[in-house]
Structure formats: C-alpha cells, structure tokens
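Hi,

Here is the structure I said I'd pass on. Have a look first, and my notes follow below.

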Amino acid sequence: MPEIHISQPQLEQKSAIHGGHPPAGPDASEISAVRKFLLSRGNSAVVDRGFYWLMVLCALSIFGIVALIAWRLVVSSELAWSKFGLSFFYRAFTDPDTHQFIFWDPVNGHFSAIPFVFGTLLSSFLALLMAVPLAVGLAIFLTEMCPRALRGPLAFLTELLAAIPSVIFGLWAVFVLVPLMRGHVNPLLIKVLGWTGLFSDDNPTGLGFLTAGVILAIMILPIISSLTREVMTAVPQSQREAVLALGATRWEMIRMGVLRNARIGIVGGIMLGLGRALGETMAVTMVIGNTPEIHRSLLSNGSSMAAVIANEFTEAVDDVHVSALIEIALALFVVTIIVNALARLLVWAVTRGAPSQAR
Amino acid sequence: MKLETYKFRSRMRALTDGAVTAMAILATVLVVAPLVAIFGYLVFKGASSLNLAFFTHVPKPPGETGGGMANAILGSGILLAVASSIGVPIGIGGGIYLAEFGRGTKLANAVRFTADVLNGVPSIVMGLAIYSLVVVPQKHFSAFSGGVALGIMMIPTVCRTTEEMLLMVPHAVREAALGLGVPNWRSVLSITVKTASPGIITGCMLAFARVAGETAPLIFTALGNQYWSSSLNQPIAALPLQIYVYAISPYDDWHRLAWAGALVLIVLIVLAVSLVRYVTSRGVLKGAS
C-alpha cells in the first residue's frame, strides 16, 4: 500500500499559497492569543474534554493495533520458538537415503525457514535490481525533463499502477508474463548467459524466482518513483539554477544539483519499495512455483516467506506446523517494520527542513 | 587547455546529456508499457467474459460452464461494510487528533510514524494476526474476522489523508467559528471537518478501493464460500479471493470468470483514484496529498 505522503513543509508551503493563510504546522503551531482566549471562555468544557479524549483514543488505538499484532504473533508462535529456537532460521536436515538437503517437510517434522528467507530475499533483490534504475529514470524524466502537459497524465498513470491489487498482477502474470518468460525470455537467457550457472534449463514451466522478481519490480516501481519524485521536488530551485549558472549541462545539473541532495531520500524510497516487495504475497505465490528448495539458477522454482504462509496455513493441521508458519510471519513482521521505519526516517530527514519550492 | 581538448570535452558532455535524456525517456516508456499491457489485456479479456450472469449467478461446480460471482460481489460488499465501520471512524478520529489537537507534539509524531509503519505491515501478516485474534477464539472462519482485518488495514490511509486534508483548512475558518461562540468540538466537527469533507470522503474511498483488492488477509479469515451467504458468522466469498482461486484453477471457464472479476475490481479502483485526483485538484483542498 503505497500511501505516499507529501512532506510537511511542502504541504504548508502549498497551503500558504492556495489557502492564503500563514504557514502552520509543527514549527508555527502556536495558537494565537485571541484563539486561546476564545477557547478558554467556552462553556462546554466537559464536552470539549470528552471530544478531545475520544480523538486521542482513536490515535492511540493505532499503537494498540500494532502492539496487539506483535503480541498475538509472539504468543501463537511460542511452540515453534520453544521447539526450534533461533536455529529455525539457519539449520538444515539431510535425507538419510539420498544425502540431499531437506529444509521443509511438515509430514516428517522437518522445519527450517532457510528456503523461504532465501526466496524472499532473492526475489526482492531481483525486483530492486530491475525497478530502481527504471524508477529513478522515470522520476528524473517527470521532474526535470517532462513537458508540463505530459507530467499530470504520467503521474496519474503511475499512481494507477500503485493502486492495482496484487491479485490482478498475479492473474496477469500467470496468463501473460509466465508464457512470455517460458517461450521467449528464459530460452534467450539460457542461451546467452547460461555459462554463468545462474540460468539453467531444468525448469520448463516459466515460473520461478526471476518471474517473481519481474512482477515484483512492476509492483514496487510506482512507490519508488513517486517518493523519488517527492524528494527531488523538495530540492530547492536555487540549487538547480546555481549549477546551471556554472555552465552545466542538464544531466550535470541533475547529478550535482538534484541527485546529490536527494540521495538519502531516494535510498528511503528504495527501502520503502523493498518493504513492499518483502511482504508481497499474492502475485509472488502465483508465479514463484512454491517448492521449498534452494537453487543456484534464477529460473528454478522456489518459495518465499509470504508464499508459504498463504499456501500452507489453511491446510496445516499439525500444531507445530501452524506455529512454525506463524513464526515465519513474525519474522516477516519484524523485518518489514524495521525496513519501513528506516525508510520513513530517511525520507523524513530529507524533506523535513527543505524549503521546498514545489513546481 | 588546448582548444581541441576543450571541444572534445564539451562534445562528450553534450553526448552524455543526450544519452541520459534518452535513458530517462526509455525508462518512462518501460514503466508505462507494462501498465498499458496490463490494462489493455484486462479490458480485452474482462469485457469479453463479462455478462449478466456474472452479476446474478453463483459459481457452478468445476467443469460446468456458466455461473457468475454474485455471491462474491455480495461478500465483498459485506466485508467492506464491516471494514468501513471499523476503519473509517478510527481513521478519521486519529486524523482529527493529528491535525487539530496534536500538531507538533511528540505523541502526534509517534502516531503518524506508527500509522506509516502499520501501512507497511504485509497484508498476509495482518491476516495471520487477525486469525489468531478473532478466528481462533471464535473457533471458525467468518465474514466478521475478514472485515476486521480489512478495517485495520484501512486505518492508516484514512488517518493520514484526513490529517492532510484538515491541514489544508485555513486557520481563519476555525477562528471565525470560535469567535461566534461555537464550542471547540462543534467547530472541529461542523466547520473544519465539513470544509475538508470532500477530501476526507475521497480519502476513505481510496482506502476502500485498496482493501477491496486485498486477498492475502482474507485467506485465513473470510476463507471463501461457493454458495450464497450473507451471515457475518459464516465463511464468506470475496471478489479478490475468488479471482485468486479461479486464476490458479485448471478450468478455462473459471479463468474467464477471474478476468471478469478482475475487470470489475479495477473499474472500482480506477474510479476511486480518479475521484481523489479530481477533488484534490480544486477548491480549498487543492494540492493536498
């Protein structure tokens, strides 16, 4: 859910222009003396207090919800914790007959999260690899190069891309992307880059890590690009003018004047995209192949943390199995919270003090 | 510096500039292409599979052709009604606190931050949490639990949009209300919130449209249902859930229904997003979000 928030200062700047009142907000929030006086002689103190506390309660319930989620996940995964401990995330089992690694075999009581962590990290990494250059390119085009008439529609289109439900991405991927990968992209990759060992032709289905990475890239593009656009817009116009006045070309202006100032925010945007990619469920479940294995080839089937939960949870009958799945969810929860919090802090750090001159 | 070197360098710089411009345009095309591909294919497939039966019939057993998703549409409606009745009041309340009472305070910053973080919690994790919070004590899957999961997912979006829209309302309007002797709570509810109401309503629509497409939190809560059900206490069908089940099924006719369902969903979402854009492009709320 890429709810992209325009930074505070920028908002106030705009409201000052359009609303015709002095900027207000964290920095200028002192209530005027007249207003204080009017508030203090209101004769509805009880109702006002009540209303205030009701609103505070609503705000506090957001904390409550996050705490409740964390608590339930911890409690429900206790069985797995006590049984496996942290080794859940790094151990592997060997098959006594074939001497091959087994990671996840609920029937025989083998539980290890390695293949899912691997799948989540690999597919997210592939997604970032594809999405970041495109997203930054798009943001540069939209903020610095695009004709004004084209900017609105293009921004709207990317916003739409962000609003498409993941199950529809999954549907499209199953019927369009997977055949495309199977028929054209994968054979080409195997032919050209097969020698690297990263693309082997032992999986003719078209599903797999790479396909999941492609669909994830399409899904996280709009988040990264709209946040990049936001921090780039927050770079003061005077920076650009100063660099241009020194005789820079447009690219040099973008590189020295804009990207250098906005880089922390861009990293924040990328991390926000990463947060979404890590937790994405439906589209990945539909194309990753859902086998709890680790392969070197990017074209082979795999699974991810979210995918294994979506696939197995309703069918899990064994308590340990259920608990192990919830432990995976807990790990996912903690990781995405950390990634998101870091991302927000980075974006906030950039846009906070910016005397933005939004165009 | 020799003139030759100078000329060479400036040519190189111009070339780099041109190359980067070309790459940025290429990136834009590469981003727009999948979008157009998805939309085009969706409309093409969806429109050819959509018919009246889709809206009036319940699913047929596998293998039989025909049937529709009437029960899923009803189910989605019920789930969204439950979700809105949870998410909208809490979200708006939180937004009012952030914009009217908590401006600049530490608590407000913490709430804002937590709301953003809550927004980033994967929907599947939300589904599991609600499963263990509501489904386990109830001992069965139910429409109610699905609605709760979706409702919680609405809160951050509603809260942040409400806050942003309220911040757009000029101070003079609040002071004018207070000056007429209106109590603060009335001034907030019937002056500030009312002024910002188009924006708040569209914010709710946006949150609504987003959770309308959520599948992952419903798998372990609403579960899905092949039959008519409007009971809050029973498993219930939902449009995105049905699309998921049909998409991974091996039957062609079910694929057809999945595309039709996807088209219905996407039309709803495009409408909501366009409405938000329309509202935030005019009047007092211009420039918000």
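Which side chain does A:E252 meet in a salt bridge? The partner is B:R13, with N to O at 2.7 Å. By salt bridge I mean a side-chain nitrogen of Lys or Arg within 4 Å of a carboxyl oxygen of Asp or Glu.

Some housekeeping: this is a predicted model, where local features need pLDDT of at least 70 and side-chain atom pairs count only at pLDDT 80 or more, while totals for chains, interfaces and linings use all residues. Residues are numbered from 1 along each chain as written, chains are lettered from A and ligands numbered from 1 in the order written, and side-chain values use heavy atoms, without hydrogens and water.

Back to the interface of chain B and chain A: the rule finds two salt bridges across it. The contact (heavy atoms within 4.5 Å) takes 102 residues from chain B and 95 residues from chain A. Together they bury about 8,900 Å², 78% of it on carbon and sulfur atoms; that is accessible area (1.4 Å probe) lost on putting the two parts together, summed over both.

Over all chains, the count comes to nine salt bridges. One of them joins A:E144 and A:R240, with the closest N and O atoms 3.0 Å apart. A:E144 sits in helix α5 (residues 114-145) of chain A and A:R240 in helix α9 (residues 237-245) of chain A, so this pair ties together parts 96 residues apart in sequence. Helices here are DSSP runs (H or I, at least four residues), numbered from the N terminus.

Enjoy exploring!

Notes:
Helix = DSSP H or I, 4+ residues; strand = E, 2+ residues; numbered from the N terminus.
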